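Reader: I have a model open on my screen. Please show me how to read it, one feature at a time.

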Amino acid sequence: MTDLSNYSLESLHRDAGLVLYRGRKKDGPGQVLVSLPEAESPGREVLKRLEVEYRLREELDRAWAIRPFDLIREKGQIALVLEDPGGGPLDQV
């Protein structure tokens with residue numbers, strides 16, 4: 001399980017009730033993408049979206065998709081952790 005407290009998070013994009021962050025390890029190299037609900041108490045649709053994205057991980061090809069590798073549920077919160085190939089969201093390019 002990924003411990004997000006070891007990462008500093010930088011907001012990259014907001015969409016459909018979710019915020020995408022780049023997480024950089026505080027104590028060395030390594031980064032991940034983290035998708036978190038925007039609201040403290042997200043709606044059922046937002047939670048379902050994260051769960052579906054996580055379940056699809058084995059069907060996604062790294063050549064064209066960013067793959068999730070962890071779904072964290074802690075203290076009533078949920079976070080989808082994804083590989084970070086670098087770059088940025090297309091709407092910012």
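**Reading the model**

Author: Start with one side chain: that of Arg-67 reaches the backbone oxygen of Arg-57 at 3.1 Å. A polar contact is a pair of N or O atoms within 3.5 Å; within protein, one must be able to donate a hydrogen and the other to accept it, and residues adjacent in sequence count only if both atoms are side-chain atoms. This is a predicted model: local features need pLDDT of at least 70, side-chain atom pairs count only at pLDDT 80 or more, and totals for chains, interfaces and linings use all residues. Residues are numbered from 1 along each chain as its sequence is written, and side-chain values use heavy atoms, with hydrogens and water left out.

Reader: Where does Arg-67 lie? Is Arg-67 buried or exposed?

Author: Arg-67 lies in the loop between H1 and E4. Helices (H or I, at least four residues) and strands (E, at least two) are DSSP runs, numbered from the N terminus. Buried means under 20% relative accessible area, exposed over 50%, and partly exposed in between (1.4 Å probe, protein chains only). Arg-67 has 15%, so it is buried. Contact means heavy atoms within 4.5 Å. Leaving aside neighbours within four places in sequence, the contacts of Arg-67 include Arg-57, Leu-82 and Glu-83.

Reader: Which ring does Arg-57 lie over?

Author: A charge sits over a ring if NZ of Lys or CZ of Arg is within 6 Å of the ring centre and within 35 degrees of the ring normal. Arg-57 lies over the face of Tyr-54, at 3.9 Å from the ring centre.

Reader: Now the sheet. In what order do the strands run?

Author: Strands of a sheet pair through backbone hydrogen bonds, either parallel or antiparallel. Two strands pair if DSSP finds at least two bridges between them. Here five strands form an open sheet, in the order E1-E2-E3-E5-E4, with antiparallel pairing. Strand E1 (7-15) and strand E4 (68-74) are the edge strands, each pairing on one side only.

Reader: How many bridges join E4 to E5?

Author: Six, and the two strands run antiparallel. Pro-68 has Leu-82 of E5 as its bridge partner. Leu-71 is partnered by Leu-80. E4 and E5 form a hairpin with two residues between them, and Lys-75 in the turn has a positive phi of about 50 degrees. E5 also pairs with E3, over three bridges; there, Val-34 has Val-81 as its partner.

Reader: Why is E5 largely enclosed?

Author: Five of its six residues are buried, so the rest of the structure largely encloses E5.

Reader: What lies across the strands?

Author: Helix H1 (residues 44-55) lies across E1, E2, E3, E4 and E5, at about 140 degrees to E4. Axes are lines fitted to C-alpha atoms, for helices over the stretch in contact, and angles run from 0 to 180 degrees between N-to-C directions.

Reader: Which polar contacts does Arg-22 make?

Author: Arg-22 lies in strand E2. Its relative accessible area is 8%, so Arg-22 is buried. A polar contact of 2.6 Å joins its side chain to that of Asp-84. A polar atom of the Arg-22 side chain also lies 2.8 Å from the backbone oxygen of Gly-87.

Reader: One last residue. Is Ala-16 buried or exposed?

Author: At 55% relative accessibility, Ala-16 counts as exposed. Ala-16 lies in the loop between E1 and E2. Its phi is near 50 degrees, a positive value in a residue other than glycine.
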